[in-house]
Amino acid sequence: MNFISDILFWISTGLLVPVIVLLILLFLRSLLLVGSFFGQYLNIRRSGRALRTRLEGLTPDTVGSLEGMLPKGNRSLAVRYLNDILAHRDSPAHIRRILADFEIAADKDLSASRTLTKLGPMLGLMGTLIPMGPALVGLSTGDISSMAYNMQVAFATTVVGLFSSAVGFLTQQVKNRWYMQDMTNLEFVAELLGGKSRQEGK
């Protein structure tokens, strides 16, 4: 029984370094995510209100003029897919595929936030529990410095894991709302183009 316990202890201790490395990578990824999120926020704040105003005044007869009103050089997914929809205005099948592609692209952009949200607490908990064994051994043998070092590692990994998870959770919640609004706008334009096609077919 002691041999099996020793094997488990060696395995868990050996996992500490990979867990710490992964937590550092998650932390760096969360910083990059904050930067890209801030860029998206500025882009949406700069062009989102103008785009929403233009969409509100559209009718099936004026939807074709939207192409010239879209902001130039805008890198947002919504504007890019709006241009694609307007370029295939006469093909309902292409429009349906473009809407599906937008959902896939939005889901891909959200995957980084979801990964941070799920992996952050898991790796943080592993990084907390693994050093607790050596810390307890140090406490039982009176090695206070070893116990203090292992407790420091445990607390640090917890904080880094929770920080990464918090960044992922917050960005995911906000981006979900952005993409829901974008999907609503794309479907609105697609419906107007469909209504225009039906009118021309009569």
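## Basis and confidence

Residues are numbered from 1 along each chain as its sequence is written. Because the model is predicted, local features need a pLDDT of at least 70 and side-chain atom pairs count only at pLDDT 80 or more, while totals for chains, interfaces and linings use all residues; side-chain values use heavy atoms, with hydrogens and water left out.

The mean pLDDT (the predictor's confidence in each residue, from 0 to 100) is 84 for the protein, and 88% of its residues reach 70 or more. Among the helices (DSSP runs of H or I with at least four residues, numbered from the N terminus), helix 3, residues 66-69, has the lowest confidence, at a mean of 66, whereas helix 5, residues 92-129, has the highest, at 93. Where pLDDT is low, the predicted coordinates should not be read in detail.

## Helix 5

The 38 residues of helix 5 should span 56 Å at 1.5 Å a residue, and its end C-alpha atoms, 55 Å apart, agree with this; the expected span is 1.5 Å times one less than the number of residues.

## Salt bridges

Two salt bridges are counted, each being a side-chain nitrogen of Lys or Arg within 4 Å of a carboxyl oxygen of Asp or Glu. In one of them, aspartate 109 pairs with lysine 175, with the closest N and O atoms 3.2 Å apart. Aspartate 109 belongs to helix 5 and lysine 175 to helix 7 (residues 144-201), so this pair ties together parts that are 66 residues apart in sequence. Lysine 175 is buried at 1% relative accessible area, whereas aspartate 109 is partly exposed at 26% (buried means under 20%, exposed over 50%, and partly exposed in between, with a 1.4 Å probe and protein chains only).

Arginine 114 and aspartate 107 form a salt bridge with closest N and O atoms 3.0 Å apart. Arginine 114 is partly exposed at 23%, and aspartate 107 is partly exposed at 40%.

A nonpolar patch on the surface includes Phe3, Trp10 and Met126, and its residues together have about 890 Å² of accessible area. Helix 1 (residues 2-14) gives the largest share of the patch, seven residues, and isoleucine 4 lies in helix 1. Patches are made of residues with over 30% relative accessible area and no salt bridge, nonpolar side chains being joined within 5 Å.

Proline 18, in helix 2 (residues 16-56), is partly exposed at 38%. Proline 18 and glycine 127 are 109 residues apart in sequence, and their C-alpha atoms are 9.6 Å apart in space.

Notes
Helices (H or I, at least four residues) and strands (E, at least two) are DSSP runs, numbered from the N terminus. Patches are made of residues with over 30% relative accessible area and no salt bridge: like charges are joined within 9 Å, nonpolar side chains (Val, Leu, Ile, Met, Phe, Trp, Tyr) within 5 Å. Accessible areas come from the Shrake-Rupley method with a 1.4 Å probe; for residues, only the protein chains shown count as cover.
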